[in-house]
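Let's take a walk through a protein model together, one piece at a time. Have the picture open and follow along.

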Amino acid sequence: MSTISVLQEGPVNALALNKDNSQVAIGGRNVFKVYSIEEDCFKEICNLRASKHLNLSFSCNDVAWSSTDDNYLATAATNGHVCVWNLTKSGKAMQEQVYQEHKRTVNKVNFHSSEPYRLISGSQDGTMRYFDMRCKAAVATFLSNTESVRDVQFSPHMPHTFAAVSENGSVQLWDVRRTEKCIQQFTAHSGPIFACDWHPEATWLATASRDKTIKVWDLTTSKPTLDYTIHTIASIGHVKWRPQRKYHIASCALVVDCSINIWDIRRPFIPFAAFNEHKDIASGVAWRGDSQVFLSTSRDCSLIQHSFKDASRPASKANIQALDISTKGNTLFGMRVPVSTNTTKPTGLMRKSSTSTISDQFHQSASVLHQFTHVSVCNDLSSFEFLAKNYILYGRSFPEMCEHNAAVAKECGKSNISTIWKIVNTMYGELYVKIQAMHNNGGLNLMNNVDASSTEKKNNDVVGEAAAAQFSSADDDVEGEDQVDHTAVANGYHTYNKYGHPKGDFSFGENELDLELDALSIDYRNGMRNQNQLQQQEDWTLPNEAFNIRHEIRDRSPPPEQFPNNNSPDFNDDSHSSTVDEQPTWLVSVSKIPPMPIWDPSASLIESLKHHAEKGDVQTSVSVLIVLGEHRKNLKTLDENTVTHWLMGYIQTLERFRLWNVKALVIELAWIPSISQMNQQSTRINTNCSQCLKPLQRSGWLCDRCHSTDASRCSICHQVVKGLYVWCQGCSHGGHLMHMQEWFSKNKQCPTGCGHLCEYR
Amino acid sequence: MGQIPQNTRTLFVEAFLQNNRLDHVSQVMGYHPSYLDNFLKTQNFILRGDGPLPYDYRHYIAIMAAGRHQCSYLIQLQKQEFLVQGGDQSWLKGLHCIPQKLRNLYDINKILAHRPWLLNKSHIEKLTKGKDSWSLAEVVHAIVILTHFHSLCSFVFPCGVNQELDQAGGYRYPETLQMLNNPGGNSVAAATGVSKKSSDPKDIPIPNDTRPTAGKILNGGRLNNFINKIGVADWTSGRTQNQSPPSPTEPEVGISTLMQRMKTLSEQTQECTPVELAKRFENVETQSAELGAVGPEPQGTPADIGIFIEDTQFIYQDFAKRDEHQSIPTFRVQDYSWDDHAYSLVNRLYNDVGNLLDDKFKTAYNLTYYTMGGRTDVDTSRFRRAIWNYIQCLLGIRHDDYDYGEINQLLEKSLKTFIKSACCYPECVTKKDYLKVLREFKHSEKVHVNLMVLEARMQAELLYALRTVNRYMTN
């Protein structure tokens, strides 16, 4: 059996198989046909809409095929009719009975499984009607007392019982012989139930609802028990148990999700198998007698026979390893282990293994969970938090933000990051513009100088490379755990800090200008290449102390001797090699452009950001990108996926540190739609009433349950606090921010007189 | 002279808390507290609750929506709200001053307001692609706000809701009434004739009392005493119920006849052929196309609201007369219904709003006190269903399981004209029209009819809009 399909002229609403599963009837608004199912195709046997007298009773919501007599079909029409069709006749006579008893649309028809001629219908008007095909009118009418009945199904276990599910979320069990009252009724879902299905063997009833769940009820006892709940991603329109597989059930959604999912009810969060052939939502599922083949119809106008071997298995794609890192650097790692290696117990904390012999779909499996504790204390974490809180990402001018952020980074000892900010400021800030102007004046000089410097650079090539390598490894140390190096950097920094000169306090003559430019270009180059390390050449840097920006950068670069030769284990080979590789290209490109108009720093900046991100410091990369604002468009080669990744990483880390405000800010400032849309999902958190713990949804100061505002009164003025409410975490009393401030400037105890010594800071 | 029922009063307090005023719309809706509850919750949620759009956008979208029907009342209210939310003052200079992103929404606004059947995938695509693009969640949020305010216009005009006190053209208290503002207001109010209009206390629109909370809010409670005066403009003058004879030109079918017809309809078994039924739907559609608006179109647009309107020529066109007869078939509610499809979609893209809307639609549709005029224990379901389906029929939505012949039997021509005008040209409806129809009905029942216009229209617009979004998503 293979997957075959046939296209119809309109959307199909329902399908039904005959009793030996060789033919299928399909119905919709513009479709009503019978096909025989051949080996590799569907063959049309009969088109019931061929009649000239088409009307609304031909447009069906549901089709049912008599389970005793192959010649009878029944349909539920959208106009409230229930029609019985005799396939042995032709033309108008085929429509053997038309029951016009329902006042509203009929949603379902269902034949009795053993009694011939008997069928039942459920309608939007809230009634169910029991028909005998030999009679002109309904034999019995059942009033559900609900707005509408969405599905009716005869029980395969109890011949007189049928289940009806309705709009208000209730399930009713009826005996066909008792029309006055249902045998049993219970509320199954919080929204309308769209479908139900009896398990072919067990006494289970599956119900599917708009609340995005499928529930399996055990009806053996008088009180129904909920055995399983499956959570789906969309409202479910149809469910059908898989024959010969006790725990499997097929479902299709009403909107959004076009695939047909087969669930193992014991694994309620991921489908056991999925069929994605349909392009629009599937409207019906019918199993062809055995567990491997089923047919489905869809609103994309197709009828498809699916073979189980073509299914995709979402569960197999699921990640079988899991990893999480706490803010303290502790790591949890869970993974599947081969069952046979059950003997040794690794450093894991827990071990859970489950065995199952129920069906061939399951096998023994085991998993381990490791916990790794971070041994060394590393102030990286606190600095992360500090930086996140203190960075200014918007609202000021670009240079101001860079200056501020550089100072912040400096304050917590992240001198290298501080340098990045300064370089970014230099490259894209006001000076950038100034330099452009300078270029116009001294373009020729600059060119010569650049040439000169590049020659020199060539001579120093080896040295430079070595230095670069050392620096980047030093970088790693700062980021990592090696405290010695870090202090070294910090010391060096402080020493050089003394040379600081106020900004703008420089002036130079004609000759100096050249030097200035030379130095600048070197600065740039080094900034680009090594991100934050300046070439350590005293002769270049000394004459230019007065130059504010440059001097800042120079500070950052202590002579190479200061660094012990680095042998940090997490030295990053990649970053090293990339730094080295970069150099020749750069040289070539500079010497190639004769006028050297404005040198575009973006490539190097990207390199720098990538370097940081690779080391796990997405904070720097993301913050720089955010502050860059409009300048971002110059970074053309930085692809959006990478940036999205960084942003996500940063946001996740912020979440872990519970820095919600910063997180919200970053999302807000993110320029990538998929990120900024995160804030469009629910971000609301309600406070609870302090008396009854009901969430205060309407306003923060009035409880709907207590009808009082007691909880939000200021303990000083006894008025309701509608704005910021400050309270003591010790005694939970509080009030207006200003009032409390005033109070605690004079007093120590709680203003309510509770005697608590509140701590107000 | 009745007290305001406790539940209505609680709702008024709630309305005040939300809006910092007890606006006239809420006051009129106070006839139906169960509905008012849902209405306030929904309106508060879509304007101030959790949602993808920024607050100033939401109010501006509301202004744009109300502009389609030149509803200065709603525009004024929303302008204030817009400023309160920190909206950019310059946007209020007109549509040319707003960001391109908002401007892009105008097409959908226009189409949804007047000819929702013209909406197609390309409109959604235009919004969600390219520069200044909208996310789908934002689109759905905007659609909900647009439809809410379009249909609210269909309530404001036909109820004759006046400007708020602080708005230009709002009610001014004559000196003589000032003195009535005292705690013993009950008797005095009765003496003015404002409240003694009816022998039946049930139909006093909103009885006066000295509510401390709402009263305090509203200028010392005097507003409440004269709610009739200002909330629904001067109902007293038009108080003709059970007294005035139907005007000779338009003989009105009395309630007794109506009830007789409903009885006959429920007794008769459906015997007409489905073909006949289809014909009846078309008949109702074409007949409705022949009904004009109740009043003349308002002359010109005031400048202060004209700046929020573009393309004033684009107005309702009868569905039966649509040019695109072939390409746009009748919308079958059985193929895309609120319960099955629209609800799930709207809830998915805009958290929780589906439940609120669902409750609101259900309340409006099922609301009944089993009364009709002065009569009690009447099953009004047929009458209500006829009104609901007639409104949706005007917008090209057909319920397969409804015999549209019933509409012609239950809704007389004058009522149909009123409903059609309220739904399609609300700006033409005045309080006079409100008073002319359904003379034997009570105010609360007439307000209920207007509520149904509001809700049926909103549901219809939402169905079209969400079906389009659905199509956009699946392909």
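At what angle do helix H20 and helix H22 of chain B pack, and how far apart are their axes? H20 (residues 381–394) and H22 (residues 413–424) pack at about 50°, and their axes are 10 Å apart. That makes H20(B) oblique to H22(B). Some ground rules before we go on: this is a predicted model, where local features need pLDDT of at least 70 and side-chain atom pairs count only at pLDDT 80 or more, while totals for chains, interfaces and linings use all residues. Residues are numbered from 1 along each chain as its sequence is written, chains are lettered from A and ligands numbered from 1 in the order in which they are written, and side-chain values use heavy atoms, leaving out hydrogens and water.

Helices (H or I, at least four residues) and strands (E, at least two) are DSSP runs, numbered from the N terminus. An axis is a line fitted to C-alpha atoms, for helices over the stretch in contact, and angles run from 0 to 180 degrees between N-to-C directions. Under 35 degrees counts as roughly parallel, over 145 as roughly antiparallel, 65 to 115 as roughly perpendicular, and the rest as oblique.

Back to our pair. In contact (heavy atoms within 4.5 Å), B:Phe383, B:Ile387, B:Tyr390, B:Ile391 and B:Leu394 of H20(B) meet residues of H22(B) that include B:Leu415, B:Ile419 and B:Cys423. The residues of this contact divide into nine nonpolar, no polar and two charged. (Ala, Val, Leu, Ile, Met, Phe, Trp, Tyr, Cys and Pro count as nonpolar, Asp, Glu, Lys and Arg as charged, and the others, Gly among them, as polar.)

H20(B) has another partner, helix H19 (residues 353–366) of chain B, packed at about 130° with the axes 9 Å apart. These two are therefore oblique to each other. B:Phe361, B:Tyr365 and B:Asn366 of H19(B) touch B:Arg384, B:Arg385 and B:Trp388 of H20(B), giving three nonpolar, one polar and two charged residues.

B:Arg384 turns up again beside the second largest cavity: with B:Thr371, B:Thr380, B:Glu445 and B:His448, B:Arg384 lies nearest the centre, among 14 lining residues. H24(B) gives the largest share of that lining, four residues. By class, the lining has eight nonpolar, four polar and two charged residues.

Finally, hop over to chain A. Helix H4 (residues 415–428) and helix H13 (residues 618–628) pack at about 25°, with axes 11 Å apart. That makes H4(A) roughly parallel to H13(A). A:Ile417, A:Ile420, A:Trp421, A:Val424 and A:Tyr428 of H4(A) meet A:Thr620, A:Ser623, A:Val624, A:Val627 and A:Leu628 of H13(A). That contact has eight nonpolar, two polar and no charged residues.

Methods: 1 Å grid on protein atoms, 1.4 Å probe; cavity = no way out; pocket = protein on both sides within 12 Å on 5 of 7 lines; lining within 4 Å.
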